[in-house]
Amino acid sequence: MSGTQRLDWVSRPAVNLHGDVVVPGDKSVSHRSMMLSAIAEGTSHIQGFLEGEDTRATAAVLAQLGVSIEAPSAGERIVHGVGLHGLRASSKPLDCGNAGTGMRLLAGLLAGQSFDSTLTGDESLSKRPMRRVTDPLAKMGAQIDSQDGLPPLHVRGGRSLHGIGYELPVASAQVKSALLLAGLYAKGITEVIEPHPTRDYTERMLAAFGWPVEFSPGHAKLEGGHRLRATDVVVPADFSSAAFFLVAASIVPGSCLRLPSVGLNPRRTGLLEALRLMGADIRIENQGESGGEAVGDLVVQHAPLHGIELPEALVPDMIDEFPALFVAAALANGRTVVRGAAELRVKESDRLATMAAGLRALGVRIEETPDGAIIDGGAIQGGTVDSHGDHRIAMSFAVAGLVARGAVTIRDCANVATSFPGFVELANGCGFVLN
Ligand code: S3P
């Protein structure tokens, strides 16, 4: 939430968790479905669109750029695409809210337009590094002015872009996607090579919209000068939102939860593997495909967890799930060591610092390292923690409160609405005691 409203939660110990939990649509897929539908030719129908503040901000930006978008029901959007060159200038800044994905992908998309744009964001987004997109986009011929690498971004229009080959210094699906979106408007070939494969939604969705794109894990390549044709998109449930319930049911004795039709793209499910290494009991049932993405029901039961040395190769596949993992580690038997996760310092908050401070306030032994943490599992005490306006931290501490030895008060939780509207109701529906 980019306003001034503050919201605190209190999470209390639960007896056990039971039932079906239907989590909302995937944030990454929702952003991309809106952007590609907007610049496609024809009308696209999106189902399962995440009604979160982040993805609604992206839809509002595209509406400001002249795209007509209908919302016949919750989670449904009908987008009347304007074609690759049909967006129109906005005289006002384009507010991306809290969304790094929104701002970075839009920077790539807007770099190829004939008009100037200004991208702004809330207090948290205004502190997030943008050179990772503006530098390679400049190599393609774009001109984007920032405030010493921070938003707002002033994107100059009327530049002629050319494709580049770019090796990403850090694994980032946002940077890859920004370059691919700029590449739609560029002369020649845009090719991106990643140090570790990241989520490939942009590549898959471009192909679904009819743009020829070559991709394999860690590599993506396309050429400018084609067209996007409207298509229908079904957004799967967000694995990152399911993650809180996977940890919650694992740590609360006597629990069993079913999470239906969750997106299981392998570039997203690192936490599943990490929790299984820790001893978790998670099954996948009804595995299938929806809208070109792997989906399945996740069935999780309580199991005693033990600490692990997290394999570094899993880090990019669970980049948004560390706050939840840290809570699991705090309850596990023995030590958990995380390395190679310095990217966590530039998320919606510095997640290593915020989680370390919060867990320490709850009596957990945690040592923060430059690129990770060492957590000695044991008991969690009651206390007060500050989420620093970070949605995933707030929800992770709500999970910690389920097994704490007293109430856990969590400060500054309003931003949960950016990715998980209705979290409190859904959580209380399966046994959380959260208000
Ligand atoms: C995202 C990519 C990841 C992730 C973010 C969503 C995306 O960011 O943390 O929540 O939709 O492309 P990075 O690209 O910075 O790793």
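Visitor: At what angle do helix α7 and helix α11 pack, and is that roughly parallel or roughly perpendicular?
Guide: Keep in mind that this is a predicted model. α7 covers residues 239–251 and α11 covers residues 391–400, with their axes 9 Å apart and an angle of about 20 degrees between them. Angles under 35 degrees count as roughly parallel, so α7 against α11 comes out as roughly parallel.

Visitor: How do the residues of the α7 contact with α11 divide into nonpolar, polar and charged?
Guide: From α7 you've got Ser240, Phe244, Val247, Ala248 and Ile251, and they meet Arg392, Met395, Ser396 and Val399 of α11. Sort the residues of that contact and you get six nonpolar, two polar and one charged.

Visitor: What about α1 and α2, roughly parallel or roughly antiparallel?
Guide: Helix α1 (residues 27–38) packs on helix α2 (residues 53–64) with axes 9 Å apart, at an angle of about 10 degrees. The cut-off for roughly parallel is under 35 degrees, so α1 and α2 are roughly parallel.

Visitor: Which residues of α2 make the contact with α1?
Guide: On the α1 side, the contact uses Lys27, Ser30, His31, Met34, Met35 and Ala38. The residues of this contact divide into five nonpolar, four polar and two charged. On the α2 side, you'll find Asp54, Thr55, Thr58, Ala59 and Leu62.

Visitor: Which residue has a polar backbone atom 2.9 Å from an oxygen atom of the ligand?
Guide: The residues around the ligand include Ser28, Arg32, Gln174, Asp320 and Lys347. Asp320 gets to 2.6 Å from a ligand oxygen with a polar side-chain atom, and for Lys347 a side-chain N or O atom is 2.6 Å from a ligand oxygen. The backbone one, at 2.9 Å, belongs to Gln174.

Definitions and conventions: Residues numbered from 1 in each chain as written. Predicted model: local features only at pLDDT ≥ 70, side-chain atom pairs only at ≥ 80, totals over all residues. Heavy atoms only, no water. Axes fitted to C-alpha atoms, helices over the stretch in contact; angles between N-to-C directions. Helix = DSSP H or I, 4+ residues; strand = E, 2+ residues; numbered from the N terminus. Parallel < 35°, antiparallel > 145°, perpendicular 65-115°, else oblique. Contact = heavy atoms within 4.5 Å. Nonpolar A, V, L, I, M, F, W, Y, C, P; charged D, E, K, R; others polar. Near = heavy atom within 4 Å. Polar contact = N/O pair within 3.5 Å; in protein donor to acceptor, adjacent residues only side chain to side chain.
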